[in-house]
Amino acid sequence: MRTDTAPTPTRLSDYTPPNFTIDSVYLDFVLDPTATRVKSRMQVTRRSSGALELDGEDITLKSVKIDGESLQRSRYRLTQNRLILENLPDSCTLEIETECNPKANSTLMGLYVSGGRFCTQCEAEGFRRITYYIDRPDAMSVFKVRIEADKKSYPYLLANGNCIDGGDLPGGKHYAIWEDPFKKPAYLFALVAGEFDLLEDSFTTMSGRHIPLTIYVDPGDAPRAEYAMDSLKRSMKWDEEAFGREYDLDRFMIVAVRDFNFGAMENKGLNIFNSALLLADAATATDMNFERIESVVAHEYFHNWTGNRITCRDWFQLCLKEGFTVFRDQEFSADMRGATVQRIKDVRALRARQFPEDAGPLAHPVRPSEYLKIDNFYTATIYEKGAELIRMLKTILGAETFRRGCDYYFDTLDGTASTVEQFVRCFEHVSGQNLTQFMRWYEQAGTPHIHIKKSGQNIEIKQKNKPTPGQPKKDHKVIPISWANISSTGQNSAEQLTLLDGPSISLLTEGTPSLFRNFSAPIVLHTDFNTKDYLRLMAHDTNGFNRWEAGQTIARNLLCHMTRAIQLGIIPAVDPALKSYTKALGDTLADDAFDPAYKALVLTPPTESEILQSLSDVDPIAIRLASRWLSRAIGEHLRNPLLRAYHELKADGPFSPSAEAAGRRALRNRALGLLAASKHAQAAPLAISQLGSATNMTNELSALITLTRLGGRRIDQSMEDFYEKWKNNPLVIDKWFAVGAARPGHNALDRVIGLTTHEAYNNSNPNRVRALIGTFAMNNPEGFHRYDGSGYDFFTDQIMDMDSRNPSVAARLLGAYEIWPKLDKARQRLIRDQLAKIIRAKPSKNVLEIATKIRG
């Protein structure tokens with residue numbers, strides 16, 4: 001819906017509880033693709049004076065009854081998005097009948113049809129598209145749901161909780177009744193109906209309860225859900241052991257759907273997943289897919305306690321459930337895949353996604369103070385930075401006290417809709433510490449910049465908190481610094497923890513200090529260390545993360561220097577650091593003490609996003625050229641060891657998705673990529689051979705990507721052959737579109753435009769749109785950032801087209817423009833013109849909020 005009036009923001013400072021509670025709700029669905037009838041019967045109780053205001057959107061009101069009496073139109077007010085009932089008794093039964101059209105619901109919010117099946121997505125504000133309700137997280141109620149539908153078309157009828165009744169009805173219909181005994185907000189409601197194949201298993205809880213587990217998938221896909229089932233069982237066991245949390249319902253279900261705005265949804269007892277994050281086998285899924293499935297299955301299951309049993313009072317507290325749950329899934333992944341490797345991956349993701357957000361026009365606190373559309377705040381700041389805050393809390397308090405604080409939180413706030421303050425007070429209670437200053441992490445946007453200056457054995461550490469939109473001045477945060485000394489002989493001192501809670505602090509050190517070990521705080525670090533200091537850390541630091549970080553710092557400096565040189569059109573003198581850096585990489589590659597997954601990460605330079613954040617007034621194409629230069633240099637200096645590693649790591653046995661096997665494939669494919677970057681004579685033949693002989697998607701896709709980077713006429717045929725092989729598998733074709741979107745070259749934009757008319761492109765499917773349009777904007781600077789602005793013209797047209805169908809997805813894609821303040825002046829003007837064009841078009845509230853904030 002478009003409007004000519006300026007939308008009114010929702011503000012945290014305006015929070016008041018609803019005037020009524022909904023003590024119980026009974027929903028009766030008669031499913032029809034174009035005309036679904038929904039009858040709700042709610043027991044409501046007054047808590048304060050005023051009207052009962054119910055949210056509703058894109059639904060047709062059929063009738064309203066109070067205590068069995070039908071209301072005439074004059075006894076209620078119906079606005080564009082509200083049903084308002086005045087002069088209600090203090091307690092009554094409210095019955096409402098509505099009708100909706102799921103098949104026409106292209107927003108994929110509320111009740112919609114995907115692949116001939118009914119599905120719901122109610123977080124954050126989708127339930128109002130199903131029936132009139134107090135659609136906010138602090139309105140918690142007990143739900144009972146009856147579903148009626150044609151039995152042949154929809155043999156499975158699913159909802160939250162436990163199935164208590166069901167059976168056949170006249171006319172070829174059937175019904176099922178589900179009851180969830182736990183109070184929940186409407187955003188956790190779920191309904192699914194359709195034909196599925198089932199994968200069934202069970203789990204025995206720590207108290208001995210037998211829990212049936214069922215995953216519902218498209219017919220024929222059940223074998224591809226086996227890894228997800230295994231991940232679920234490991235998640236349930238881990239949560240019992242790590243946090244003492246046992247599953248509470250009598251069964252647990254997961255459903256895979258193809259059309260889904262998000263990754264997955266933690267609906268109580270009935271998780272709904274984007275099929276891309278649930279289905280995997282060796283032939284069609286990469287190691288990254290397996291890893292993501294493991295992580296997301298765990299994440300959604302962990303929400304049962306951190307999100308469902310304890311939910312958020314209002315959407316400003318979103319980080320309460322998401323930050324805590326991301327932290328929990330990261331800890332789970334660390335135990336499954338290795339703590340150091342997982343920590344490096346988490347920090348790379350944080351720097352690539354959240355740091356640019358914190359440094360740009362979309363910066364917002366982990367707990368925002370206002371919004372136009374809450375859909376726009378499912379961000380890296382809420383999720384990933386929110387998780388870093390929980391990690392810092394654990395670091396500051398210690399693991400044992402942190403666990404006691406978690407237990408106290410679960411015990412005292414179970415069944416409530418809570419706030420960040422209540423959460424933090426739980427840790428104050430068990431620790432006796434005052435965490436008032438720690439709350440600034442939740443309240444202030446921006447990434448702290450830490451400046452280190454050495455003077456003899458003394459180092460001075462200063463924190464600076466830069467202005468962000470709406471927050472020109474910042475108070476100092478409390479910043480945990482885990483550190484140790486590395487002597488000239490390579491000896492590591494005992495690790496210490498120091499809290500920086502003011503503008504500066506001094507430390508007495510010997511040798512080279514290893515600071516912020518394991519990334520003990522989400523900061524940007526500036527030091528006056530020289531290359532020799534970093535090489536010492538690369539060689540001797542016993543903390544695997546900081547050892548990797550030392551190499552990243554050298555590489556970052558080299559890349560920034562080369563980017564500037566390219567942009568200025570000069571050829572810089574050879575930096576001595578390059579030879580020392582590549583030698584250190586070679587030493588790591590040859591050291592059997594490190595596992596292959598770690599070596600692969602060490603051999604991977606910083607992301608282009610990191611380099612962009614380190615510079616200003618920069619040409620993004622120059623960053624891409626600098627990245628190619630460094631990869632070529634690494635490949636040339638390590639040519640023989642890389643070639644040897646590639647051959648030695650070949651696996652002839654059956655595929656395994658284990659962390660160890662994935663690490664070996666990661667290092668082997670990284671070696672191939674570096675050989676290709678250096679134009680090694682064997683790179684193309686090896687990639688062609690690997691593409692033809694690969695028995696798993698990790699190796700097949702890696703070979704295809706390598707060939708796109710090598711270029712030449714062979715790549716067009718390779719792309720076509722790959723498509724013909726996999727054209728009937730939507731998830732693999734998503735990968736194919738992403739590879740096509742990222743293909744480099746002067747005609748990159750023309751290729752992407754051509755792909756929008758490809759027979760397999762569907763501009764209504766979020767996965768397909770993200771694969772093509774999202775990948776193009778984020779990973780193809782030569783096409784997206786063309787000097788003439790044509791890449792931006794194309795992208796803006798795609799955003800506006802998507803906004804007409806799915807504003808949520810359109811707004812998320814639009815975030816690609818947030819980097820404009822870092823770019824050169826010409827591109828800044830071009831992007832600001834595009835944002836002005838979007839705003840003039842009177843877009844959805846989702847897109848309007850993002851466009852106006854980015855433009856500033």
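**Close-up 1. A hairpin made by strand 14 and strand 15.** In this predicted model, strand 14 (residues 162-169) and strand 15 form a hairpin with 3 residues between them. Look in the turn for Gly-171, which has a positive phi of about 75°. The two strands run antiparallel and are joined by 7 bridges; Asp-165, for example, has Ile-177 in strand 15 as its bridge partner. Strands here are DSSP runs of E with at least two residues, helices are runs of H or I with at least four, and both are numbered from the N terminus. Two strands count as paired if DSSP finds at least two bridges between them.

Residues are numbered from 1 along each chain as its sequence is written. Because the model is predicted, local features need pLDDT of at least 70 and side-chain atom pairs count only at pLDDT 80 or more, while totals for chains, interfaces and linings use all residues, and side-chain values use heavy atoms, leaving out hydrogens and water.

**Close-up 2. Strand 15 with strand 12.** Strand 15 (residues 173-184) also runs antiparallel to strand 12 (residues 141-150), and 9 bridges join them. Find Asp-150 and you can trace its bridge to Lys-173 in strand 15.

Close-up 3. The order is 4-8-7, with antiparallel pairing. Strand 4 (52-55) and strand 7 (77-78) stand at the edges with a single partner strand each, so one side of each has no neighbour in the sheet. Strand 4 pairs with strand 8 (residues 82-85) over 4 bridges, and Asp-55 stands opposite Arg-82 of strand 8.

**Close-up 4. Helix 22, kinked and mostly covered.** Helix 22 (residues 766-779) has a kink of about 25° centred on Ile-773; the bend is the angle between axes fitted to the seven residues ending at a residue and the seven starting there. In this helix, 11 of the 14 residues are buried, meaning under 20% relative accessible area (1.4 Å probe, protein chains only). Among them are Val-769, Leu-772 and Phe-776.

Key. Buried means under 20% relative accessible area, exposed over 50%, partly exposed in between (1.4 Å probe, protein chains only).
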